[in-house]
Structure formats: C-alpha cells, structure tokens
Amino acid sequence: MAASVAVENLNPKVLKCEYAVRGEIVIHAQRMQQQLQNQPGSLPFDEILYCNIGNPQSLGQQPVTFFREVLALCDHPCLLEKEEIKSLFSADAISRAKQILATIPARATGAYSHSQGIKGLRDAIAAGIASRDGFPANADDIFITDGASPGVHLMMQLLIRNEKDGILCPIPQYPLYSASIALHGGTLVPYYLDEKTGWGLEISDLKKQLEDARSKGIDVRALVVINPGNPTGQVLAEDNQCDIVKFCKNEGLVLLADEVYQENIYVDNKKFNSFKKIARSLGYGEDDLPLVSFQSVSKGYYGECGKRGGYMEITGFSAPVREQIYKIASVNLCSNITGQILASLVMNPPKVGDESFASYKAEKDGILESLARRAKALEDAFNNLEGITCNKAEGAMYLFPQIHLPQKAIEAAKAAKKAPDAFYALRLLESTGIVVVPGSGFGQVPGTWHIRCTILPQEEKIPAVITRFKAFHEAFMAEYRG
Ligand SMILES: Cc1ncc(COP(=O)(O)O)c(CN[C@@H]2CONC2=O)c1O
C-alpha cells in the first residue's frame, strides 16, 4: 500500500522552508563525526569543529554561576530549608531564589504559568528594560517565550494572511525569518545591507524596496531589523536607528527589532541602543509606532541556548490586537519556567554591592573580552588570506567573510550542482573538520559568495582553527587559480 504520508502530499509551505544553520553541511559533518568515532584516524583531522551555530556552551563556555545557583534553588526549593545551604550557595542567590519563588503560585516551577509568563518575572524583566533604556516598561507588554524564535513565529503568524503580505528583511538575514515567512505563506521583501560600508542600512534602499513591493501588489506589513546583526556583526549607529524608526512610522510598518545580541558589543565606538529607547527618545509613544522587541537567553555572555528563554516586548498595538496576540500565546499554554526565570535574571543580574557582583562581573567580562579577542583574531586571519575580505565583527557572534572564488572553482561547483560557497564549505569541512555555513544560506548580493563562521571555538583553539583554515584555503586557491 502506498505510504499515506509522502513528501508529495506534505504542506508545500514546509517544503519551501529552508534553515541553513543546520543544513546539508552540518548533516555531512555529523556523519563524519560518527565516522571518527567508529574509525579513529580515518580522516585528516581528529575532531569536528562546529563553527556553524551560535551555541557557546557546546564549545566549552561556562554558564554564569549566579544564574545557575538561582535556577537550582528554584527547581528544588526544599534545599532552602537546609542549614548547610549557606556554605554552598551565595547569600544573594538564596535571597533571589526566595524572592522568585514567592512570585510563583504554590512556589511550583512544575506548574503551568500565565500564558505571558509569571507576573513577578515579567515585572522584573520590565524593570530591567526600564533600567537599560531610561524609559518606562510595562509587565503587561512582556510575553516570555521559549527563546526568541517562538516570538518571531507568533508575530509572522499574526501578520501574514497570504502571499500578498510582505515582510521587509535584511539580506544577509538570519534564516529564521525567511523560514518563518515561508512557513506562514508570506513574501520576504529584501533590503540589502551594504558590505562596502560595513553592512550599513540605507533608508533610500529600504524605500526603494518598499515601493517596488507595493507596486507589485504586496502589502508590506513589517520591517525586521537585527541589531547587532547576524550573520553580519554590524552594530547600527544611533542616527541610522532614528531614521529607521521614522521610516516605519511614516510608512505604517510594524518594527520587529531582533536584539538578541544586545550584550555582544566588541568595539568601543559603538554601543547598543534598543529601538524602544530610540522610539521614546524621538517622542514616539504607544500611538505612534507598533514595535516588537525580541530578547533571548541564548546569546550575550550567558549563552543559555538549551534553557530556551527569552521574551518579546509588544508596544503600540491596540487592545483588540493585543487580545489576539494573547490568544495565540495561550494556545501554547505557557513557556517553560526555567527559561522564564533565566529571562528575568539576565535582565536583572547582580548589582554593585551584591555578594555575587564581583564574581558575576568577572565571569561576564572574561567571556565578552575573550569573544572580542577571538573576533579580532579571526577577522585578521581572514583578511590576510588571498581572495578573502572580511568586515569587522562589531558585535554578535559571527564573521561573514566574502570569498572571491576563481572562475574555475565556480565552474567546479556548478559541475557538482552546488552553490559555489556551499562547494567551498564542503571542501573546507572534508579537509579540516571545520563546519561553517555557506553565505547562500543567509542571502547575499547575487554573484558574491560568503561563509559564516562563529567566533566561538575556545580561545586556545583559535590558532589551530586559523592554521587549518589557512592551509586549506591556500591549497584550494592554488587548485583553482585561473
Ligand atoms: C538574530 C537571531 N534571532 C533569534 C535567534 C533565535 O534564538 P533563540 O530562539 O535561541 O532565542 C537567533 C539564534 N541564533 C542562531 C542559532 O545559533 N546560530 C544562529 O545563527 C539569532 O541569531
């Protein structure tokens, strides 16, 4: 009997969806990793180096002690009754855990919570936002989510009615956006970041792309901005942000501000400004601009990807629309409580004077300073190689070098039925065990080819990554030089 379920009879939106961060190169790497385990010594390297995904703790980064102390105590509250607890946990972690448990009905982290998240934790998140921005934030505007991803999907589900609804997205973009737009049957309206100006965003290009889409009957609903950028690593200048906010207000667009890398800033001449702060600084209030700000516990210096925590702050929507957003959130009942607690902690870390502040700050600074050194070392290494140009990683966790491939390599890729950058990434993997994502997985100016490489291998491994990469690249270019 023919299979009742086959690719041919699946939802075409699922078939259209792509997510390169865990695509064909990574699948091939996992097969090679299995081979290394079964047949040690059978490949020209002894380990696979996953530089494809922003997953810091999988590459050895340690979690922040204070956050984990609080999580442990919240998940096993009877520990708090034991006398020896004082010798095992810091006093401020103990008091923070008690404070958090007091906001959880029945002190039960195993119970469903409010569909937006536990009110006391949303209060803490709102207080953290207000402290960061210098403008008020409201707990009722916060939806705590299982990472930023579900928040993005929820907003695409809300805004996209059919393929005539468009979402303006940066190119290169983080493929959650193209995947979610495809899954919800909408249209991605691209705006190109300018590699020559450090991935700058030109309002004139936004306007041109918007008008072009509208001329084709596309109802453009929203503008996605990823700041700091993934895969591009740029941090937007404040005046550029002001122009973006004004553009959205003037064009009647929802601003979807992806700010998951807000703590990952590596250059002294840039700082993170939330779009909420920019909008309020321009005098725009609730009635001027629908703005959704996404945050996550997966990035920053905490890197708690697997705990699945984050939030979206929703402002500028009418009460009836907010009710619809709440309704969608309630279908999933609630996000996981560990992620909720962690989201409140990253927005309210230890302060000066707290017992844990010194150790917390040492851990935080140590991680961020090391990330900055790794970013610089890899950027310099890429720029010292023939046929590679690489913009600075001002923030986030990635470098996105352009590979100027010889024509012969492009022809070889064509013969292999692969995009040139995927062909290059596969050869890199097979030769060195280094896993990167081809630029075609993020979108790029036609005729340019890139790879995305994380800055996450532990610092002591970076020289080996550079050595291996350099040897491969020089051999590859020699093989295909015209
Ligand atoms: C810009 C951006 N937004 C949202 C997310 C989703 O994060 P969470 O759902 O975990 O909160 C990521 C994850 N970064 C992916 C995952 O690792 N590498 C990446 O490019 C991201 O880079």
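1. Helix α6 passes helix α13 in a left-handed crossing, a term used when the near helix is turned anticlockwise from the far one by less than a right angle, with right-handed used if it is turned clockwise. Helices are DSSP runs of H or I with at least four residues, strands are runs of E with at least two, and both are numbered from the N terminus. The axes of α6 (residues 119-133) and α13 (residues 337-346) lie 8 Å apart at an angle of about 25°, and the two helices are therefore roughly parallel to each other. Angles under 35 degrees count as roughly parallel, over 145 as roughly antiparallel, 65 to 115 as roughly perpendicular and the rest as oblique.

2. This is a predicted model, in which local features need pLDDT of at least 70 and side-chain atom pairs count only at pLDDT 80 or more, while totals for chains, interfaces and linings use all residues. Residues are numbered from 1 along each chain as its sequence is written, and side-chain values use heavy atoms, with hydrogens and water left out.

3. The axes of helix α7 (residues 148-159) and helix α8 (residues 176-183) come within 9 Å and cross at roughly 40°, so that α7 and α8 are oblique to each other; their crossing is right-handed. In the contact (heavy atoms within 4.5 Å), Ser 149, Val 152, His 153 and Met 156 of α7 meet Leu 176, Tyr 177, Ser 180, Ile 181 and Leu 183 of α8.

4. Around the ligand there are 17 residues, of which Ala 148, Ser 149, Asp 258, Tyr 261 and Ser 296 come nearest; a residue belongs to this group if one of its heavy atoms lies within 4 Å. A backbone N or O atom of Ala 148 is 2.7 Å from an oxygen atom of the ligand, and a backbone N or O atom of Gly 54 is 2.8 Å from a nitrogen atom of the ligand. For Arg 452, an N or O atom of the side chain lies 2.7 Å from an oxygen atom of the ligand.

5. Pro 172 is in the loop between β3 (165-171) and α8, whereas Pro 231 is in the loop between β5 (219-226) and α10 (238-251).

6. Arg 308, although not a glycine, has a positive phi of about 55°, and this residue is found in the loop between β7 (291-296) and β8 (310-315).

Technical notes. Axes are lines fitted to C-alpha atoms, for helices over the stretch in contact, and angles run from 0 to 180 degrees between N-to-C directions. A polar contact is a pair of N or O atoms within 3.5 Å; within protein, one must be able to donate a hydrogen and the other to accept it, and residues adjacent in sequence count only if both atoms are side-chain atoms.
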